[in-house]
Amino acid sequence: MDTMRDRFGPVVSRLLDEDPRVAVVLAEIGADAFARAQRKHPDRVINVGIREQLLVGTGAGLALAGLRPVMHTFASFLVERPFEQVKLDFGHQGVGGVLVSAAGSFDWPAGGFTHMSPGDVALLDTLDGWTVHVPGHPDEAETLLRHAVAAGDDKVYVRLSVQSNGRGLPVDGARFHTVREGRAGVVVAVGPMLDNVLAATEGLDLTVLYATTVRPFDGEALRRATGAGAAADVVLVEPYLAGTSTAAANDALADVPHRVLGLGVGRAELRRYGQMDEHMAAHGLDARSLRERITGFLGARIHGSPGVVITGAPEARHGLPYSPV
């Protein structure tokens, strides 16, 4: 299966052909994917070299000139390193653009901590008005990229990852989707976390919501899933910094007795970089760990199948039965 980033170049290249407002700004990373587009549109495909602050500043300048800029590099270089430019050149100037990242939390462990950015979404949360898409499959990435570019002059962040669910679901760039219904609590699975969440909660009396657009946060969907006026237990499973969306969930349920558990990437730096699946397990995001953490949080409220053992979680696919051992 191709990756989300494999889709990025062809999709945005087609958008360059279709819409004369679209421009692409690169900082060397990903330039090969736009070599042909750059020959066709040399005035709208710009590679500034390894200068990430200039990447964002150039994109903002294009936006001020009436274009729709798409800026791309690794998340640590796109959100963290030029954060002041994101804050001032877009937010303060009141213009919009599309930031498209790759290698967010630990997609490329061999690159070390300089190439990891589990705090990217939390950092953007300190700014006003950003839409954040976190696709969980290449098909969803293609849809959400088109949504982002077509979103008028809005500020949009699209977080691409090599982590992927087994198949894509229909996404609309706005709402959470109910994948499974239950009565003992709600688990919100963000983007590529869905397969592991479904494997971890198999046989448990839980509702599973699927979120690929996390900002704005779909508080209405969460309220419906918990049942308005009833006590609610909510678990958020995010592929970035743990607890990033707990405030949004608390706000959505402010008038309802509730508890929220935020699961995601921990703050401790893992210096033995290893492989991506080892990082998943170390942060407790594999299916077995998720099941233990979710059932531990819900305690006596959860009614499931105690004999179920998760054995093949990374290969688990939603829509298929998970076989107990």
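The protein chain holds 12 helices and 12 strands. These are DSSP runs numbered from the N terminus: helices are H or I with at least four residues, strands are E with at least two. This is a predicted model, where local features need pLDDT of at least 70, side-chain atom pairs count only at pLDDT 80 or more, and totals for chains, interfaces and linings use all residues. Residues are numbered from 1 along each chain as its sequence is written, and side-chain values use heavy atoms, with hydrogens and water left out.

Confidence is given as pLDDT, the predictor's score for each residue from 0 to 100. The protein chain averages 91, and 92% of the residues score at least 70. Over residues 304–325 the pLDDT is below 50, yet the model gives this stretch 39 contacts beyond near neighbours in sequence. A contact means heavy atoms within 4.5 Å.

Overall values for the protein chain:

| Property | Value |
|---|---|
| C-alpha span along principal axes | about 60 × 40 × 35 Å |
| Residues that count as buried | 55% of 325 residues |

Buried means under 20% relative accessible area (1.4 Å probe, protein chains only).

Helix 1 covers residues 4–18; its 15 residues should span 21 Å at 1.5 Å a residue, and its end C-alpha atoms are 21 Å apart, which agrees. The expected span is 1.5 Å times one less than the number of residues. Among its buried residues are Met4, Phe8, Val12 and Leu16. The buried residues of helix 1 pack against elements including strand 1 (22–26), strand 3 (68–74) and helix 7 (138–149).

Key
Buried < 20%, exposed > 50% of the residue type's maximum accessible area, 1.4 Å probe, protein only.
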